[in-house]
Amino acid sequence: MSVFIVRRLLQAMLVVWIMSLLVYIGVHIVGDPIDMLINPEADQAEIERVIRDLGLDRPIHEQYWYFLLNALKGDLGNSFIFNEPALKLVIQRIPATFELAVTALLLAIIVGIPLGVYAGLKPDGRLSKTIMASSILGFSLPTFWVGLMMIMVFAVMLGWLPSFGRGETKLLFGIPFSFLTLDGLAHLILPALNLSLFKMSLVIRLARAGTREVVHQDYIKFARAKGLSQNRIIFVHLMKNIMIPVVTVLGLEFGGLIAFSVVTETVFSWPGMGKLIIDALHNLDRPIIVAYLMVIVVMFVIINLVVDVLYSILDPRVRIQDLKG
Amino acid sequence: MTEKPILEVENLETHFFTKAGPAKAIDNVSFTVGKGEIMGLVGESGSGKSVTGFSILGLVDAPGEVVGGKVLFKGENLIEASDKRLQELRGNKISMIFQDPMMTLNPVLRVDTQMIETIRAHEKVDKETARQRSRDALAQVGIPAAEERMRAYPHQFSGGMRQRVAIAIALLNKPDLIIADEPTTALDVTIQGQILYEAQKLCRETGTALIWITHDLAVVAGLADKISVMYAGRIVEQGDIDDVLDHPVHPYTIGLLGSVPGHNTRGTRLHQIPGMTPSLFNLPKGCAFQTRCPFADTTCTEDQAITRPIPGRAIRCCHPQREAAQ
Amino acid sequence: MTDILQETPATETLNFKVETPLQQFVSNFCQSKIAIGALIVFGIIVFIALFAPFISPTNPYDLATVSILDAKLPPGSKSLSGVTYWLGTDGAGRGLLSSIFYGLRISLGVGVMSAVIALCFGATMGLVAAYYGGKVDTVIMRIVDIQLSFPSILVALILLAALGKGVDKITIALVIVQWAYYARTVRASALVERNKEYVEAATCLALSDRRILFRHLLPNCLPPLIVVGTVQTAHAISLEATLSFLGVGLPITEPSLGLLIANGFEYMLSGKYWISFFPGVALLITIVSINLVGDQLRDVLNPRLQR
C-alpha cells in the first residue's frame, strides 16, 4: 500500500513540475504587461526602470530559473495590481472557494444519490421520469445563467436571500468560514446550490445507471433468495456497489467544482479564488495568474491521489491488484 | 413414501410476456419431493429447469410470471403467500444454491458479512453467535481455517471453495428443502464428485430434501432418488431413477441416454438427437418433441396428456417406446 | 434393437425478418418520441442559425436601424418606428429576438465546428494509439490522462489567457479541451476491435495501415464515438457561452449568446430580466435538445442495455 502511495507521489511531483513549465511559458505570452502598468506618457527611462524592477528584461530561461527558485521558497512575485505577494493573495482566498465547493459537493451527494437510486429501482414510475428529466435540465443549463435566474427570482423578485457576497465568518481552527453563521449561510445557499446543480444531475444519472446495472446482478437475486429484507439489500448490497463508480467520478469532479467556482463566484461576487483569477485575466496580472495556476495544479494532483487511495479502500479487488504490481 | 411430501408442485405454469409474444417457460409441471429425498431435474439449456427453481421461491423476474398451479410447501401454497411470508421462508426453510458462485456472492462484501446476515435475517441472535455458526457451517463443508478465511472476499477463494461457501450459506438455517441450480457445472470433475458425495450424505443424515437441477445425466445417475426430464418447459418423463435410466420410455429420454459417451461406444460415431430445440415462441402444436422424434406422426399434433402407467411414473408422449417394466 | 437416433430429417424452418443494421438503428431510435421531438427542435435551431440574416425581423448590428431610444423595452412593446419587439430590447436598443438569432449562429457555429475538428483529431489519435500500441500508445495516453485530470474550463482559461480573444482562438481552445475525450473513447473501442479476427485478416491481406485504421477499425468504433460526440458538442456550446459570459471568450464584434447574457447582467437588479433571460432560454433549448438526442443514441447504441 505504501509503495503505491510513494509511486503516486513521485508521479504527482513530476506532473507539478511539468505544469509549472507549461504555465510559465504560456503566461509569458499573455499580453504586454508594460502597457498595462505604465503610464503611456512615461518617458523611456521610467519604462526601463520598471522593466528592470520586474525582471522583464532578462532572457526567458533565466527568468524561469529565478521563478522556479523563488517558487520553491514560496515567492511567486507580487501582484501587479495589488502589489502584495501573489501566492499569499491566492491562498487567502482558498477557504472561501473551498467552502463553496464542499457545500456544493455535499448537496450533490445528499440530494443526488437517493434520487438516483430511487429512479433506478422504479425506472418506469412517474416520479422517476420527472427526476430524470430534471437531471437532463440540470446538466444542460449553463451554470452562469441559472445563477442569474436564481438571483432574479430569490433576491430581486422574492427578496428572500442576498444576491451577492459572502456573509459573516467565524474562525474554525484559525480559518474563517461563513457556514458557521446564519448570515453566512444565507449568503452561501444560492451560490452553493448553483454550483451543485451540474454535479447533482451527474450523480443522479450515475446512481441510476449503477442501480439499474446492479439490480440485475445475480448476487442481488441471491440476496433475495437468502430472505434478506428489501432495506438490507438496497442499503448494503446495492449501495456499496454503486458507491465505487460514484465516488470515483465525484472525486475527480471535485476538482471540477473548484474550477467551476470561477463562474459562480463571478455571478455572485463571491470572494474566492475564481473571482481573483478572472479579474487577473482581465487585468493581465501575471503573477496572480501564475500563482493561481500553480496552486490549482497542486490541489488537483492531491485530489487525484486522494481519490485513488479512496477507490482502493472501497473496492477490495483493486487493492490486491496493486500489491502485486 | 408414507410421510407427507415436503414439496408438492401441481400443474405449475410460468409464462414470460415478452415483446415478441408470450412464452410458456413452464407448462403444466408437477412433481413431489419427500423428506430426505433427492430429485434430479434434468434438461437442456432453455428447457425451463432453472425457471422451475425460481418459480418455487417466487424469484421469477419480469417479464416472467407464475400464472397458474400450486406449489405446496409442507401444505402451504407458496404461490399465494405474501412477500413477507416468502421472505421468511427463503434462506431459512427453503434455500437455493446458484450456478456460478462468483456471480452470486457480492464481490464487495466479506464472506462472513454475507453469512452472518443470512442468519440474522431470520433469527434474533447476536453477531458473535452468528459468526460461530457460520464458522461451523464452513467447517462442515470442508473449508480449512474457517475463522481466518471467513474474513476474506469472494474473489480470494477458488471456484470450488466459493461453491462450498454457497452451500454453507444454504445450510446455515437448517432448511427443509434445498434447490440447487447446476451447482457443480462450473467446477472441475474431481471437486464435483466430492460435492456430490457430500450432498448425498447430508440429505441422508439431516433429512433435507434436495432438488438438483442439471443438464448432466451422469451427475443425476449417481445422486438422485427420482428424476424428472424436462423439454421445452414440460416434463416429458418422470419416475424412480433406476427405473427411468434402465427402462426409458419417452423418445427424448432414450435419445439423451443414448448420446452419453460410454465404454462401449469407442470407435463408433457419437449419437446425437438430430435437429434443434424449438424456440419457445415457435413451439409446434401438440408435443414439443415431434420435430425431432423418429416416431412422430399426426397424433403428435394434439395436446399430450400426462399418462401414469404405474404409480410414481409419468410420461407425456403418444409413442412411448416400451412399457415401463415393473 | 432399433436405432432411433439416426436419420431423422430436421423439420425446422427459419423465418425471421431481415433488417439492415441501419434500419434497425433508426427504428430503435424512433422508439422514443422525446428524442424525435428533440431532433426536430434541433433541426429548427440549425435552420435559424443558418438563415438568421434572412428570417430575422431586424438586423441588430446595422447601426442605422438601432436607436438608443428603443433601449430596455420590455417584451412585446412597439418601437417608435412601429416594429414590434417580441422579446424586448437590450441596453443599446437592439431587438432581442434578432440578437438571439444572430447569436445562435455564432454559438452553434463555434460549438459544432470545434467539436467536429476535435472529433477528427481525437479519433485519429485514439486509433493510432490503439493500433500501434507500445510507446506511441503510452505517450498519447499519458497526455490524454493528464489533460483529462483537469477540468475543461480550467484548460480553456489557461489557453485563452495565452492566446487572447478571437473566433479562431476560441475554436482552437475548444478543440484542445475536447480532443482528449474523443481520443480516449476511440482508443477504448479500438483496443477491443483490434483483437478481433477481421483486423488480423486485413493485415494478412497486406492492406496499408491507413486503410485498416480508417476503413476497418473506425466504422466499428463509431457507436460510442457518436454518443460522445453529441454530449461534447453540447458541452462545447455551453463552455463557449460560459467563457464569453466571463469576458474571456469571443470578442464583442462576434456576439454569441453568452455575451448577450453577460450584457444583461447589469440590468438584473433593476428587474429588466428579459435581456438575460431569453438568450439563456435559447441556449438552454439548444443544449437540451442535443443532450436528449445524445441520450437516446446512447441507449440505442449501448450493447449492454439490449435485452
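Two strands are taken to pair if DSSP finds at least two bridges between them; helices (H or I, at least four residues) and strands (E, at least two) are DSSP runs, numbered from the N terminus. The model described here is predicted: local features need pLDDT of at least 70 and side-chain atom pairs count only at pLDDT 80 or more, while totals for chains, interfaces and linings use all residues. Residues are numbered from 1 along each chain as its sequence is written, and chains are lettered from A and ligands numbered from 1 in the order in which they are written.

Chain B contains an open sheet of four strands in the order E2-E1-E4-E5, with antiparallel pairing. Its edge strands, each pairing on one side only, are E2 (21-33) and E5 (76-77) of chain B. Strand E4 (residues 64-73) of chain B joins E5(B) in the antiparallel sense over two bridges, and B:Leu72 stands opposite B:Asn77 in E5(B).

Chain A, by comparison, has a secondary structure of 13 helices and two strands. Of its 325 residues, 38% are buried (20 or more other C-beta atoms within 10 Å of the residue's own, with C-beta atoms placed from the backbone).

The two chains meet in a contact that takes 25 residues from chain B and 18 residues from chain A; residues are in contact if their C-beta atoms, placed from the backbone, lie within 7 Å. On the side of chain B that touches chain A, two or more residues come from each of helix H2 (83-89), helix H3 (101-104) and helix H4 (111-120) of chain B. H2(B) gives the most, with three residues.

Conventions
A residue is buried if 20 or more other C-beta atoms lie within 10 Å of its own, exposed if 12 or fewer, and partly exposed in between; C-beta atoms are placed from the backbone.
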